[in-house]
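I opened my notebook to look at how two parts of one chain meet. Here is what I looked up, entry by entry.

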Amino acid sequence: MPIESPDDVAVLVELLERSADARGLGDHFAFLAGTRPEWFRPHQESVIASMLDRFEVGFGDLCSLLAGAPDRCVDLVVRRLRERRSFRDVWALAAIGTGAALAAVARHDVRRGADRREYEDLGVWVPADGPARYRFSPQRRVVLLRDEGVDHPVGLSIEEIACDPVMSPISWHYMSLRVAEVPGVPAWTAERVHLVGTRASCMWTLYANVDDRGCYRDEVVVFDEPPGPEDEIYRAFEQPGRGVGAVELKPYDADLVYSNGHVQGTPGVVGVAGGPPLGVYANPSCRSCGRLMFHVTTVENHVREYGDGWRSLFICEDCRTVACNATGWN
Ligand SMILES: [Zn+2]
């Protein structure tokens with residue numbers, strides 16, 4: 001089903017309205033979110049009012065499609081949340097993202113007893129006072145693996161990343177991103193920020209402070225499951241030069257493969273920079289200030305083969321701290 005005009009979007013929304021099982025439509029809405037989200041604007045209100053229960057769209061796409069919906073929608077969702085909690089209403093309220101919506105998240109939901117983790121898992125922080133805040137950039141870029149490139153290197157040596165490479169628990173460099181090329185990410189202390197790993201398959205978070213040159217120090221690894229003897233196999237992978245290359249960041253467009261709520265099926269795509277975090281695991285809070293950390297990127301371990309699952313990078317721009325975490329596939 002081609003989506004080449006606003007009229008096609010009207011037909012798509014009509015199908016959603018009439019269909020009891022709309023799962024097959026999700027990829028079309030994801031395509032729309034990635035290419036022409038503005039065409040969805042006239043339909044925001046009707047979908048929020050009566051079709052959210054079958055609107056099978058991931059949170060990142062929902063942020064593109066529902067962004068800026070009128071305050072009437074915020075009032076409606078808040079009323080529904082008071083009557084009966086549904087994760088789709090939680091997602092919708094966060095995805096609208098306007099001042100009214102983010103104030104409602106804090107004032108009408110979390111401070112009236114809702115679990116703030118529901119929002120934090122989406123990358124939305126609810127401070128003690130004031131409105132909720134996005135801790136991610138709504139502007140997404142796909143991360144494409146390349147053989148070479150200078151901006152975003154894959155496979156640096158530990159000496160280039162860690163202030164004390166001998167004592168560091170960092171055993172692997174996945175990639176470094178030029179922060180300025182991920183729109184909406186706060187200004188960072190150095191030109192690049194590094195996504196790194198430790199010697200374990202997954203289920204860990206590596207925290208570090210960052211010095212003026214962007215080097216990581218005072219690293220601490222928190223394991224959900226302590227590494228076992230089987231994780232020692234990764235030692236054999238740790239050859240300098242293995243998997244060295246680069247990534248490139250590109251805006252979403254019509255050339256991507258939109259399938260099952262993601263674009264990972266696109267040849268060469270290994271992840272996303274910008275956008276909300278995965279949302280299926282708790283997101284890290286800064287160990288210095290306690291604030292939910294800002295999500296920069298999430299990629300597959302295949303970006304530079306090591307460990308298993310997703311690798312995500314978060315920063316606290318005020319405290320100059322980073323967190324790299326490793327989670328299973330879902
Ligand atoms: Zn902090």
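**Domain contact**

I began with the contact list: 15 residues of domain 1 touch 16 residues of domain 2, where contact means heavy atoms within 4.5 Å. The model is predicted, so I kept in mind that local features need pLDDT of at least 70 and side-chain atom pairs count only at pLDDT 80 or more, while totals for chains, interfaces and linings use all residues. Residues are numbered from 1 along each chain as its sequence is written, and side-chain values use heavy atoms, with hydrogens and water left out.

Next I checked the bounds: domain 1 is 6–134 and domain 2 is 141–327, from an automatic or database domain assignment. I found their C-alpha centres 28 Å apart.

Then I looked up the area. The two domains bury about 1200 Å² between them, 64% of it on carbon and sulfur atoms; buried area is the accessible area (1.4 Å probe) that two parts lose on being put together, summed over both. On the side of domain 1, Asp27, Asp121 and Trp125 lose the most area to domain 2, together 38% of what that side buries.

I also asked which elements of domain 1 give two or more residues to the side that touches domain 2. They are helix H2 (26–35), helix H4 (59–66) and strand S1 (124–125), taken as DSSP runs numbered from the N terminus (helices H or I, at least four residues; strands E, at least two). H2 brings the largest share, 5 residues.
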